[in-house]
Amino acid sequence: MTSEIKLSICIATFNRGRFIGETLNTIVTEMCVGVEMVVVDGASTDDTFERMTEFVARHPFVRYFREPHNSGIDQDFDKAVSYAQGEYVWLMTDDDLMIAGSLQRVLAVIDGRYELVIVNSEVRNPDLTQVLNPRLLDTATDLEFGEGSSRSLFVETARALTFIGSVVIRRDLWLARQRSNYYGSLFVHVGVIFQSPPIARVRVLAEPVLRIRYGVAMWTPRSFDVWMYKWPGLIWSFGYDESTKALITRKEPWRSPMKLFHFRSKNAYSIAEYRKNFATLPGAYRAIAFIISVFPRSLANVLSVVYLSIGRTQNRTSLYDLVHAQNWPPLRKMMQRWTHL
């Protein structure tokens, strides 16, 4: 490890040429001595290579690695950490923006006292013009977790940690823990954090340091599989008691008709998902899953928007998903005016 480098900002990217330039520009304006940037490109087929080549020519402290093939987001982030030289690594996304002054705030707390720092983010719509959630982590004050507080850390932060940009972790700790078991989960960082033994010294920063560009994640088209199977499977693999894990997600959320209806409402559950996941199930549940899969999508969407609008402030990201999943343009425009989304 190069001792002069305190922090490595690690980005794994794939086919994000239209976003990555803006992301990198917000970071380079914050760069200072003791910080490097590492970008791993999982064999992008768009113009990412050309954009990165031009960017590195202007900013030689950026280290760019173009992989010969795509290994998936989990393995590419793991590669980025292995290429890094810093004492700490910040797992940064390739389409979100760093808020001015954020890097100095992070550097101020990674002084060796903490093994893990979790940063907060502001959630915005894709063009960043609307705030959907002012704080991904619902805390107004910084938090600290020490030995014996693993359960509290899990309960307080696991949901927000679906966003990988929240993670600043000691590089040696990352490399010492199991990672390959979590390749393909889409949340390798969550596996690293909550596996045994628990991480003993954690700081949570309440003030947002990033702006999330919500709704453009690469896995958005696979959201049904992610939230019904991958995320629950990961959360329920950890050694906490069942009641604790249930606070984060049900073990089998796909068994809930309300969950299926919600995914039908936002055009993420259809007869295709039914045939893949439920067609061979026994009993009445198969019939319920089928009925929901063919329920009129636009009607389901309207009903869900009306339901969530009652608690609009608390559900703006879910409401945004629903409004923008509406396929009938006149109705979508009407709902946008009504919900201000």
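Visitor: Which residues form one aromatic cluster?
Guide: The model is predicted: local features need pLDDT of at least 70, side-chain atom pairs count only at pLDDT 80 or more, and totals for chains, interfaces and linings use all residues. Residue numbers start from 1 along each chain as its sequence is written, and side-chain values use heavy atoms, with hydrogens and water left out. Rings of Phe, Tyr and Trp (its six-membered ring) pair if their centres lie within 6.5 Å; planes under 30 degrees apart count as stacked, over 60 as edge-to-face and the rest as tilted. The members of the one cluster are F224, Y229, W254, F263, Y269, F278 and Y285.

Visitor: What kind of aromatic pair do F224 and Y229 form?
Guide: The structure holds 22 aromatic pairs. In the pair of F224 and Y229, the rings are 6.3 Å centre to centre, with 65 degrees between the planes. The pair is therefore classed as edge-to-face.

Visitor: Is F224 buried or exposed?
Guide: Buried means under 20% relative accessible area, exposed over 50%, and partly exposed in between (1.4 Å probe, protein chains only). Y229 has 26% and is therefore partly exposed. F224 has a relative accessibility of 4%, so it counts as buried.

Visitor: How many residues apart in sequence are the parts that W254 and Y285 tie together?
Guide: W254 and Y285 pair edge-to-face, at 6.2 Å centre to centre and 65 degrees between the planes. Helices (H or I, at least four residues) and strands (E, at least two) are DSSP runs, numbered from the N terminus. W254 is in the loop between helix 9 (242–246) and helix 10 (257–265), while Y285 is in helix 12 (residues 284–294), so the distance along the sequence between the parts is 31 residues.

Visitor: Which ring does K266 lie over?
Guide: A charge sits over a ring if NZ of Lys or CZ of Arg is within 6 Å of the ring centre and within 35 degrees of the ring normal. R170 is placed like this over the face of Y88, 5.5 Å from the ring centre. K266 is 4.5 Å from the centre of the ring whose face it lies over, that of F263.

Visitor: Which cysteine has the sulfur nearest to that of C10?
Guide: A disulfide is a pair of cysteine sulfur atoms within 2.5 Å, and the count comes to zero disulfides. C10 is in none, and the nearest cysteine sulfur is 15 Å away, which is too far for a bond. C10 is buried at 0%, and the nearest sulfur belongs to C32.

Visitor: Which helices do the buried residues of helix 8 pack against?
Guide: In helix 8 (residues 223–235), the buried residues are S223, F224, V226, M228, W231, P232, L234 and I235. Contact means heavy atoms within 4.5 Å. The packing partners are helix 5 (150–157), helix 7 (188–194), helix 9, helix 10 and helix 11 (271–277).

Visitor: How many of the 10 residues of helix 14 are buried?
Guide: Helix 14 (residues 316–325) is mostly covered. Its covering includes strand 7, helix 10, helix 13 (297–309) and helix 15 (329–339). The buried residues are R316, L319, Y320, D321, L322, V323 and A325, and their number is seven.

Visitor: Which residues does L132 touch, not counting residues up to four places away in sequence?
Guide: L132 is in strand 7 (residues 131–133). Its relative accessibility is 4%, so L132 counts as buried. With that exclusion, L132 touches V123, R124, N125, Y214, R316, T317, Y320 and L341.
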